[in-house]
Amino acid sequence: MKTYIKIYGPPIIDALRALEEVAREFSKRHPGIKYFHYLSLLEAGVSPEEVRERRGLISESGWSLGDYDFYFEWTRPPTFEELNELIELIDKALSKVGCEYTITTK
């Protein structure tokens, strides 16, 4: 199961970095979550395998994000409380950046 984020409006790179911080914080509380966004691989300049080894959070499912900018990958279905906690963290982080976004879990 994945929770997808689509970012609208600038500053997109700042929003991706903010989401990465959310992912780091959230994964400390909930070790079963992984995250991925294309920018992580571009910034690192290395293969997805090397990035996974270094960060330990990058998804195993590959490069393609399709219509989304970022996703959180769950190793098991999240509880309602976990989803609410994640949404609150995302709201707080992206309100500081000034971006609008949509969130979809499927």
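Arg 24 lies in helix H1; helices here are DSSP runs of H or I with at least four residues, strands are E runs of at least two, and both are numbered from the N terminus. The model is predicted, so local features need pLDDT of at least 70 and side-chain atom pairs count only at pLDDT 80 or more, while totals for chains, interfaces and linings use all residues. Residues are numbered from 1 along each chain as its sequence is written, and side-chain values use heavy atoms, leaving out hydrogens and water.

Back to Arg 24: its relative accessible area of 31% makes it partly exposed (buried means under 20%, exposed over 50%, partly exposed in between, with a 1.4 Å probe and protein chains only).

**The overall picture**

The protein chain has 4 helices and 4 strands, arranged along the sequence as β-α-β-α-α-β-α-β. Of its 106 residues, 44% are buried.

**Helix H1**

H1 covers residues 12-29, and its 18 residues should span 26 Å at 1.5 Å a residue, which agrees with the 26 Å between its end C-alpha atoms; the expected span is 1.5 Å times one less than the number of residues. Its buried residues include Ala 15, Leu 19, Val 22 and Phe 26. An α-helix has 3.6 residues a turn, so residues three or four places apart point the same way.

**Strand S3 and its partner**

All 5 of the 5 residues of S3 (residues 70-74) are buried, so this strand is largely enclosed by the rest of the structure. Phe 70, Phe 72 and Trp 74 point one way from S3, and Tyr 71 and Glu 73 point the other way. S3 pairs with strand S1 (residues 2-8) in the antiparallel sense over 4 bridges; pairing requires at least two DSSP bridges between two strands.

Within S1 we find Thr 3, which stands opposite Phe 72 in S3. Thr 3 counts as buried at 0% relative accessibility. Leaving out residues up to four places away in sequence, Thr 3 touches Phe 70, Leu 83 and Thr 105, among others. Thr 3 and Leu 86 are 83 residues apart in sequence, yet 9.5 Å apart in space, C-alpha to C-alpha.

**The nonpolar core**

Which residues touch the most other members of the largest nonpolar core? They are Ile 5, Phe 70, Phe 72 and Ile 90, out of 21 residues. Such a core is a set of buried Ala, Val, Leu, Ile, Met, Phe, Trp, Tyr and Cys residues joined through side-chain atoms within 4.5 Å. S1, H1, strand S2 (33-36), S3 and helix H4 (80-97) each give two or more residues to this core, and H1 supplies the largest share, 7 residues.

**Polar contacts between side chains**

A polar contact is a pair of N or O atoms within 3.5 Å; within protein, one must be able to donate a hydrogen and the other to accept it, and residues adjacent in sequence count only if both atoms are side-chain atoms.

| Side chain | Partner side chain | Distance |
|---|---|---|
| Arg 24 | Glu 21 | 2.8 Å |
| His 30 | Glu 85 | 2.9 Å |
| Thr 3 | Trp 74 | 2.9 Å |

His 30 lies in the loop between H1 and S2 and is buried, with a relative accessible area of 16%.

Methods
Contact = heavy atoms within 4.5 Å.
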